[in-house]
Amino acid sequence: MSTYVYDFADGSMDLKDLLGGKGANLAEMTTLGLPVPPGFTITTEACRAHLQEGSDPEALAAQVSQHLVTLERATGRRLGDPTDPLLVSVRSGARFSMPGMMETVLNVGLNDHSVEGLAGQSDDERFAYDSYRRLLQMFGSTVLGIEDGVFSRALDAAKQTRGSELDVDLGTEDLRALVATYKGLIEEHDGDPFPQDPREQLDLAIHAVFDSWNTDRAVLYRRQEHIPEDLGTAVNVQAMVFGNLGTDSGSGVAFTRDPATGKRGVYGDYLQNAQGEDVVAGIRNTVSLTDMAALDRTSHDELLAIMEKLEKHFRDMCDIEFTVEHGRLWMLQTRVGKRTPEAAFRIAENMVDEGMIDLDEALRRVTGAQLAQLMFPRFDHSVPRTLLAKGMNASPGAAVGKAVFDWATAVEWVERGEDVILVRKETSPDDLHGMVVAKGILTSRGGKTSHAAVVARGMGRTCVCGAAALDVDTRNAQFTVRGGPTIREGDVISIDGTTGEVFAGGVPVTDSAVVRWFEGDDVDDPLVHAVARLMEHADNTRRLLVRANADTADDAARARRFGAQGIGLCRTEHMFLGERRELVEHLIVAEAQEGRDKALAELLPLQKADFMAILEAMDGLPVTIRLIDPPLHEFLPDITELSVNLALADAHGHRNKRQRKLLEAVQRLHEQNPMLGLRGVRLGIVIPGLFTMQARAILEAAAERIQAGGDPHPEIMIPLVGSVRELDLVKGRILEVAADVRSETGVEVPFHVGTMIELPRAALTADAIGRSADFFSFGTNDLTQMTWGFSRDDVEASFFSTYLEQGVFQVSPFESLDTEGVGALVRLAAERGREANPDLHLGVCGEHGGDPDSIHFFDDAGLDYVSCSPFRVPVARLEAGRSTLE
C-alpha cells in the first residue's frame, strides 16, 4: 500500500518531489530541533491521483485519520473539541515555489461550539470570533468558490459602521455579527450552510488545495516560470499558532539576506497582533525586524539565531515565515528565498568568499535569464525628474508605462500595444494576469515580503511596494499623492525598482552598469564584480563555443566585445535593402543574361565592401556567411500596389515601361506560399550568377584582408538544402570561383562550405549531406516551422494562446526548442552527419541559440557552438558553463 501521508518528523529536505518544498523543509526544521508546530504532509502522489481519477486514493482517508490522532496527541487537543479545540492550517506546497498561486485555509476546526471553547481557552472572546470570521471567509472563497468580494464588502461595511479603517478596531460584538453575516452569505451563495463537522472541513480544505493546482492563476504562473504541469502539490496540515492574540503576539516574514540587493544582514517585516496572511497581503504596514527587537527582544534574538542556523544548513539565502504566540516563537516555513537577479549574483559570489559554496555551485545558482535582466536599461539620473513618492525597492529595474488600476485593463491595453504600470493598493493572486503583462508593479501597501514583491521578483518584473504617500482609488482608476497631484488611468509614470522611487511622466533610460562593463568600460561596482567573476568561471568551464548573429560590422564589433567567438550567421539578404533594392529589381527584370550580369557586376563591389568590414571586425575568428535565403519577391514591390499604380497611370495616359516590366517580373515570380517556393539554394541554382557573385565577393574580400595583414576565416553557408545534389551543384560553382580568385590575386584563402539544416529531409539525409559539407548550422526557426507545419508569422497571433492555455505547448516552440520533435531531428542529423564525416563542425544559428533551456539541449546533443543575437551572447556564455556542470 502506498504511503500518502508523512509526519513532519518522518520527512527530510531530500523528499521535495514527494513532500513539496514546504513539507520537506518543515520536516528538515523539525529534524534540526527548531520550534515547528507539529503536523503532517499529504504527498504530491496523492494529489496527482486525486486530479487524475477525480477522487482520493482509497487509503488516503484512513492515513489522514491516523496522522490526525498523532497530531492530537502531540498537542493535547482534539479537532473540533468544544472545550479545548485543536485548529489546523491546510496549506499547499509544490516541488517548486509558487508564492500565492495555490490555496490556504486557516483555523480549520472552528464551528459554533468550538469557537466558545477557543474563547475560553485563550481568555479572549474577540480573538476567537476574529479567528472564526477568518475561517469563514477563507473557506467560503477557497473551498466553496464564492467570490471574495462578497466577504470583503461585508467586512468594509462592518468597519464603516464602526467608523474605523482597520480590522483590529472591530470589537467582539462586531465580529460576532460579522460571523453571522458570513454564515448567511455562505448559505445564500452556496445553497448549503457552513459545515459544522471539523473533519468535513478538513477533507474539503484538502481537496480545495489539490484542485488549486489547476486554477487559472496557478497554470499561468507555471507557464511563466516553465514549471511542469504534472507535478501536483503536497498539502501540509499543521497545528495553528496565533499571532493575533494581543501585543505580545505577532507574525512576520524574514530573509537571511536582502532579497533585492543580496547584502548580508537581517531583512524582513513584522506585524504585532496579526496573522501571517495580514503580513503577506500587505493590508497593514509592517515594522522592520530591527523594530521588532524593541517590541520583543527575546523572540527577536531567538529568531536571528535560527536564521543563521538555517542559512548555514541550507547553504543559501532563506525566506522564513514565523509567528510569535504570547511571547513564544514558532517557525512556520522556510525555503530558498526568491531574489532579484542582482541579489542572485552577489549572494552567489559572497557565499563563495564565505566558504559556504564553491564556484561551480555559485554558477549553478545564477541563470542566463537573470543576467539578461541585469542588462536591461536603468533610469538616467542626469536628467530632471518629478518625484511623486518613494516606497520599498522590491524588485529592480526601470519601468515606464501608463498607469492602470486593474489586471483586465492591463491585459487589454498591452494587447493593443501599450506599455503599462499596474497600480494597486496591494496585489492578490487574482492580479497575476496583469502582473505578467505589465512593465512594472506599484503598490501603496506592503513591503519586500508582500505578494506583489515576491511574485515580481520571481518573474523579474520591476516592482515598488509600500509607497504609503499614494492614496490608490481603484474604483475611480486614479491615485493621489499626499499633498500632491492626482495621477489618472492612462497617465504615464516611471518606477525605479532599485531605489523605490516613483516619478511622474516618462524618465529616459540608460545602459546598465553590467552592459557598460561588457562594452569595455571600467566600472567599479560590486554587482559587476560578481558578474565578471562568474562569467570568467563559466568561460573556463563551458565546452560549447558561443558565436553571434550579426549582419553589419557594428553588430559584429559589439558581439565581439560581448565575448562572441565568431559569427554564426551573417544574413546577406539585409545587404540588398535600402538604396540597393533597385539593383535587385534590375537583376530580376533582366530578360537576358547580359542584363543579369550587369546587375550582378554592380552588386559585387557593394557586397565585397560589406564582407570586408565584417571580416575585419571579426579578424582571427570564423565568420559564417549565409548566401541569400528569402524569396526574391521580398525585394520587389507589392503586386497589388504595383498593379493599382499602373492601372491609374494607364487611365491618365501615362506609360511607364520599366514599371510594366517590373509588374511582369513580379507576376512571374508570384507564389501562393513563397516560404516554400523559390528561395535559398533554389535561387542559386535557378538564377545563374547570383550565388557565384556572393561567393566571389566573400573570397575577394578575404583575399584583400590577407593582403592587408588580416586573418579572415570565412565560412560560406548554403541555405535550405534538402538534397545533397543541391549542395554539390552550388559547392562546385563556389570552388570554381575560389580557383579564379586564387589565380587573380595570388592569395590562398582558407574557407569552408557548409549548409543550414532547416528542412526535415536534410536532417534525415544528413549522412549524405555530411559527406559534402564542412559544417552544419541548424536553422531552428525554419526547422521548427517545417516540422510543425505552421508559419510563425501567422500562427503566433492566431492560435498559440489557445495552445498554451490548453497545454499543447508549455512554451512557444519558437521561444524554447521543441526537444521531443525538432530536437529529435537535430540529434539525428548530428549523429548521421558525424558518422559520415567525423570532422563535421556543428552549430545552431536560430535564436534558440540564445535560449537558456535550448542551450542545455544543444550541449547535450554534441553541437560545437551556438549563435545568437549580440545582446544574448553573455547569456549563452553563462548558460553554456552551467550546462557543462549539469
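**Aromatic pairs and a helix end**

Okay, let's start with F857 and F858: both are buried, where buried means under 20% relative accessible area, exposed over 50% and partly exposed in between, with a 1.4 Å probe and protein chains only.

Before going on, this is a predicted model, where local features need pLDDT of at least 70, side-chain atom pairs count only at pLDDT 80 or more, and totals for chains, interfaces and linings use all residues. Residues are numbered from 1 along each chain as its sequence is written, and side-chain values use heavy atoms, with hydrogens and water left out.

Now, the structure has 17 aromatic pairs. Rings of Phe, Tyr and Trp (its six-membered ring) pair if their centres lie within 6.5 Å; planes under 30 degrees apart are stacked, over 60 edge-to-face, the rest tilted. One of those is W788 with F790, stacked at 5.6 Å centre to centre, with 15° between the planes. W788 is partly exposed, at 34% relative accessibility, while F790 is buried at 10%. And why is F857–F858 called edge-to-face? Because the planes sit at 70°, with the centres 5.8 Å apart.

W788 and F790 also belong to one aromatic cluster with F799, Y803, F809 and F814.

Next, helix α31 covers residues 780-788, and its buried residues include L783 and Q785. Helices here are DSSP runs (H or I, at least four residues), numbered from the N terminus.

Last, charges over rings: NZ of Lys or CZ of Arg within 6 Å of the ring centre and within 35 degrees of the ring normal. R547 lies over the face of Y865 at 3.9 Å from the ring centre, and R95 has its charged end over F96, 5.0 Å from the centre.

Methods: Helices (H or I, at least four residues) and strands (E, at least two) are DSSP runs, numbered from the N terminus.
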